[in-house]
Amino acid sequence: MSESNQDAALEEQIAQWRAFIRRRQAIHAVDVAELEDHLREQVAGLMANGLAGDEAFLVAVKRMGNMDSLSREFAREHSDRLWKQLVATPAGTSASPWRFETDAWVAVGLAVAAAASIKLPTLFGLRIEAQETFYLRNLSLFVLPFLAGYFAWKRRLAPRTIGWLGAAFVVAGVLANLPPFAPTGKHPDPLQALHLPIALWLAVGVAYAGQRWSEVSGRMDFIRFTGELFIYYVLIALGGGVLTAFMALTFQSIGIKVEHFFQSWLLPCGATGAVLIASWLVEAKQSVIENMAPVLTRLFTPLFAAMLVAFLGTVFWSGRAVTMDRDLLIGFDLLLVVVLGLLLYSVSARDSSAPPGVFDGLQVVLLVSALLADAVALWVIGTRIGEYGFTPNRVAALGENLILLVNLGWSTVLYLRFLTGRGSFARLEKWQTDYLPVYALWAAIVVIVFPLVFR
Amino acid sequence: MDISKDLIAASSTPIVLAILAEGDSYGYAILTRVREVSGGRMEWTDGMLYPVLHRLERLGYIAARWETAETGRRRKYYHLTTEGRAQLAEESRQWKVVDATLRGILTELQRALPDLRTVSLPQIPERA
């Protein structure tokens with residue numbers, strides 16, 4: 001073997017060793033560099049004593065000691081490293097610090113822009129306190145274009161895609177503000193205010209997944225992102241609440257009331273900007289910190305399953321009639337959404353090649369009991385739909401119930417097939433990710449078609 | 001000779017501090033020095049030195065800096081701080097007490113039981 005060949009082989013071995021060490025969470029890159037310097041010194045020393053390159057490498061690695069116990073020692077010395085720290089540095093990510101910083105600045109810039117955009121209509125005399133209708137209708141348009149823009153920049157989307165996304169937002173803006181779509185009455189149309197964000201969320205998804213939207217994994221990533229974003233947003237909102245409470249408290253002590261500032265500035269600007277900041281955090285930490293949504297799913301799937309089984313048992317054995325109420329259908333829609341969320345986030349975190357386990361059984365219990373509970377509600381509503389008639393609200397709620405029912409019903413079938421070994425888990429993943437556009441489509445129908453039909 | 005883990009853990013701090021008191025050094029050279037002074041009788045597991053160095057750094061006894069070595073590689077050098085010097089003095093006082101106590105007991109034991117062959121005092125060179 002020639003000398004340069006031997007050097008190359010040694011370098012290759014050292015590179016492998018480095019990658020092996022790098023996987024230990026408690027040993028950071030600088031420590032790996034220090035250990036590598038040691039290893040190279042040792043190898044050089046041994047080779048000077050007449051050992052061949054690969055022999056010297058083996059001896060040097062052996063002398064370095066058992067990596068598990070070394071990693072344990074490092075963990076004991078740097079116990080903070082077992083708690084993954086996010087904010088200070090992008091440790092553990094492959095992105096360069098420069099990229100990390102640019103990313104942060106773009107996100108902050110867009111957050112400020114979104115916050116400014118919600119105050120922009122004030123210049124034209126549309127004050128938040130007086131024109132609630134306008135703001136509720138357009139709420140998603142103050143936030144989501146910036147979020148889509150952030151991902152368009154981050155994923156370097158093709159100009160064509162960006163054009164389509166822009167067109168979608170413009171159309172949404174027109175629909176939200178022109179008659180006959182926008183009601184002229186004083187009260188906001190909750191249907192539209194609720195469904196426009198759902199429809200536009202798909203546009204954000206297209207921007208988020210970029211070229212990977214057509215792949216199951218790309219859409220699955222978007223589902224994960226949505227769950228994490230929700231959790232981060234709630235946490236930021238809680239923090240914001242504490243901040244506001246202290247602001248009110250301190251300023252009250254000097255006789256200044258901050259209510260007006262809070263309502264017309266802090267709340268709208270903070271709530272819009274926080275979406276961008278939360279999205280950036282989710283992006284920045286996705287590989288650094290374990291996802292929270294699947295953890296919560298694990299916790300709540302058994303509890304929800306137990307609650308539903310208890311409900312069904314009580315209904316069947318006591319024979320209590322389900323009381324028909326205006327909001328019953330919406331309540332059961334929300335229940336199905338929660339069950340779908342529990343299903344989605346356990347699917348998103350599950351290793352699709354793992355064999356069925358106890359948790360999968362629980363998941364099926366949850367699905368079946370949710371379907372049965374919903375069937376009870378639908379039956380009650382179906383017997384009395386004639387008395388109530390078809391209002392837009394009821395049709396929308398019924399449509400959503402049907403959409404969720406179809407999804408969960410087929411998911412149950414796929415899950416059972418998986419449990420009995422007649423289907424793969426990947427089928428379920430594909431079904432869930434393929435179904436995403438259906439929600440947006442129905443939301444778009446509610447926004448566009450309903451105002452034309454129910455006039 | 002296999003020195004027990006506990007003894008190695010207890011002695012590593014004064015040994016590392018003493019070696020750094022001789023001059024600034026880095027991991028590999030510190031280990032080489034330990035081997036040299038102990039005549040090869042003290043074998044540390046190489047990797048285990050680094051958590052010890054990091055602990056001493058955190059305690060403020062030593063400080064580190066990255067430099068480019070003559071080989072062209074980046075290398076982390078450690079040097080003793082004032083605090084470290086005080087700590088070394090303190091630890092060597094403690095070790096002397098331990099050493100004197102053990103020596104005293106073993107000497108008496110040898111005098112009482114002259115036939116006891118298993119206990120033989122090694123000649124430890126006294127250093128000022």
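In the predicted model, chain A has a mean pLDDT of 85, and 90% of its residues reach 70 or more. Among the elements of this chain, helix H9 (residues 216-252) of chain A carries the highest mean pLDDT, 92, whereas helix H4 (residues 67-77) of chain A carries the lowest, 82. Over residues 87-95 of chain A, pLDDT stays under 50, and the model has 10 contacts beyond four places in sequence for this stretch. Where pLDDT is low, predicted coordinates should not be read in detail.

Chain A contains 15 helices and 0 strands. Of its 455 residues, 29% count as buried. Among the contacts in chain A with a separation of 6 or more, 82% are accounted for by residues 24 or more positions apart.

One helix pair in chain A was examined at the residue level. Helix H6 (residues 132-154) of chain A packs with helix H7 (residues 159-177) of chain A at an angle of about 175 degrees, and their axes are 10 Å apart. Because of this angle, H6(A) is roughly antiparallel to H7(A). From H6(A), the contact involves A:Arg137, A:Asn138, A:Leu141, A:Pro145, A:Ala148 and A:Ala152. These meet A:Ile162, A:Leu165, A:Phe169, A:Ala172, A:Gly173, A:Ala176 and A:Asn177 in H7(A). By class, the residues of the contact of H6(A) with H7(A) comprise 9 nonpolar, 3 polar and 1 charged.

A further position considered in chain A is A:Pro268, which is placed in helix H10 (residues 259-285) of chain A. A:Pro268 has 19 other C-beta atoms within 10 Å and is therefore partly exposed. Residues up to four places away in sequence not being counted, A:Pro268 touches A:Ile118 and A:Ile128. The C-alpha atoms of A:Pro268 and A:Lys119 are separated by 8.1 Å, although these residues are 149 residues apart along the chain.

In chain B, 3 strands form an open sheet in the order S1-S3-S2, with antiparallel pairing. Strand S1 (25-26) and strand S2 (62-68) of chain B are the edge strands, each pairing on one side only. S1(B) and S3(B) are paired in the antiparallel sense over 2 bridges, and B:Ser25 has B:Tyr78 in S3(B) as its bridge partner. On the other pairing, S2(B) and S3(B) run antiparallel and are joined by 7 bridges. In this pairing, B:Ile62 stands opposite B:Leu80 in S3(B), while the bridge partner of B:Thr68 in S3(B) is B:Arg74. S2(B) and S3(B) form a hairpin with 5 residues between them. In the turn of this hairpin, B:Gly72 has a positive phi of about 95 degrees.

The two chains also touch each other. At this interface, 16 residues of chain A are in contact with 14 residues of chain B. On the side of chain B that touches chain A, at least two residues each are supplied by helix H2 (27-37), helix H3 (49-59) and strand S3 (74-80) of chain B. H3(B) gives the most to this side, with 4 residues. By class, the side of chain B that touches chain A has 6 charged, 4 polar and 4 nonpolar residues.

Terms used: Residues are numbered from 1 along each chain as its sequence is written. Chains are lettered from A and ligands numbered from 1 in the order in which they are written. This is a predicted model: local features need pLDDT of at least 70, side-chain atom pairs count only at pLDDT 80 or more; totals for chains, interfaces and linings use all residues. Axes are lines fitted to C-alpha atoms, for helices over the stretch in contact, and angles run from 0 to 180 degrees between N-to-C directions. Angles under 35 degrees count as roughly parallel, over 145 as roughly antiparallel, 65 to 115 as roughly perpendicular and the rest as oblique. Two residues are in contact if their C-beta atoms, placed from the backbone, lie within 7 Å. Ala, Val, Leu, Ile, Met, Phe, Trp, Tyr, Cys and Pro count as nonpolar, Asp, Glu, Lys and Arg as charged, and the others, Gly among them, as polar. A residue is buried if 20 or more other C-beta atoms lie within 10 Å of its own, exposed if 12 or fewer, and partly exposed in between; C-beta atoms are placed from the backbone. Two strands pair if DSSP finds at least two bridges between them. pLDDT is the predictor's confidence in each residue, from 0 to 100.
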